[in-house]
Amino acid sequence: RRLAHVRAMLYDPVKQELGNNYGQYFGKARFAYRGNLPGTIARMQSWLTALSNAISLRALSPALVASILRFIEAPLLDEVMDIEIAQRTKNEQMVGVEEKVPDSLHLESK
């Protein structure tokens with residue numbers, strides 16, 4: 001996505017909702033400048049980390065968090081659970097299974 005989309009769909013709504021409390025959650029994390037200036041990636045990483053922390057601290061409304069998750073195209077919970085179940089099943093199938101080495105590959109000690 002373009003920076004303009006990220007600004008319109010993430011930064012602006014977050015800043016508007018938090019109002020005077022914005023600095024409490026984002027402190028020194030500054031959103032990227034307009035244009036492709038040096039430091040854009042570092043600023044975005046810092047800002048997105050602060051956004052993640054604000055979400056974890058429940059500083060944002062559930063509606064805004066849902067909007068953010070839709071914008072970043074986060075997987076749906078059932079998709080995540082399907083992946084976890086598949087991984088758990090695979091791990092359970094591997095328990096007790098030892099790799100079979102053909103006899104011709106065993107080294108004899110002399």
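R58 is exposed, at 76% relative accessibility. Exposed here means over 50% relative accessible area, buried means under 20%, and partly exposed is in between, with a 1.4 Å probe and protein chains only. R58 sits in the loop between α3 and α4. Its phi is positive, about 60 degrees, although R58 is not a glycine. Most residues other than glycine have a negative phi.

Now, what are we looking at? This is a predicted model, where local features need pLDDT of at least 70, side-chain atom pairs count only at pLDDT 80 or more, and totals for chains, interfaces and linings use all residues. Residues are numbered from 1 along each chain as its sequence is written, and side-chain values use heavy atoms, with hydrogens and water left out.

Confidence next. pLDDT is the predictor's confidence in each residue, from 0 to 100. The chain averages 81, and 74% of its residues score at least 70. Helix α2, residues 22-26, has the highest confidence, at a mean of 94. Helix α5, residues 77-94, has the lowest, at 70. Where pLDDT is low, the predicted coordinates should not be read in detail.

The fold is quick to describe. There are five helices and zero strands. Helices are DSSP runs of H or I with at least four residues, strands are runs of E with at least two, and numbering starts from the N terminus. The chain has 110 residues, and 21% of them count as buried. Take the contacts with a separation of 6 or more: 60% of them join residues 24 or more positions apart. Contact means heavy atoms within 4.5 Å.

On to the core. The largest nonpolar core has 21 residues. By nonpolar core I mean a set of buried Ala, Val, Leu, Ile, Met, Phe, Trp, Tyr and Cys residues joined through side-chain atoms within 4.5 Å. V14, F26, W47 and L60 have the most contacts inside this core. Helices α1 (3-18), α2, α3 (40-56) and α4 (62-71) each supply at least two of its residues.

Two of those residues deserve a look. Leaving aside neighbours within four places in sequence, V14 is in contact with Y22, F26, W47, L51, L60, L64 and I68. L60 is found in the loop between α3 and α4. Buried or exposed, for L60? Buried, at 6% relative accessibility. L60 and V14 are 46 residues apart in sequence, yet 7.6 Å apart in space, C-alpha to C-alpha.

Now helix α4. L64, V65, I68 and F71 are buried there. Down the axis of α4, the buried residues fall within an arc of 125 degrees, so they line one face. That arc is taken over the directions from the helix axis to the C-beta atoms. An α-helix has 3.6 residues a turn, so residues three or four places apart point the same way. The buried residues of α4 pack against α1 and α3. The face turned away from them carries the exposed residues P62, A63 and R70.

What follows α4? E73, with a positive phi near 60 degrees. E73 lies in the loop between α4 and α5. Like R58, E73 is a residue other than glycine. E73 counts as exposed, at 60% relative accessibility.
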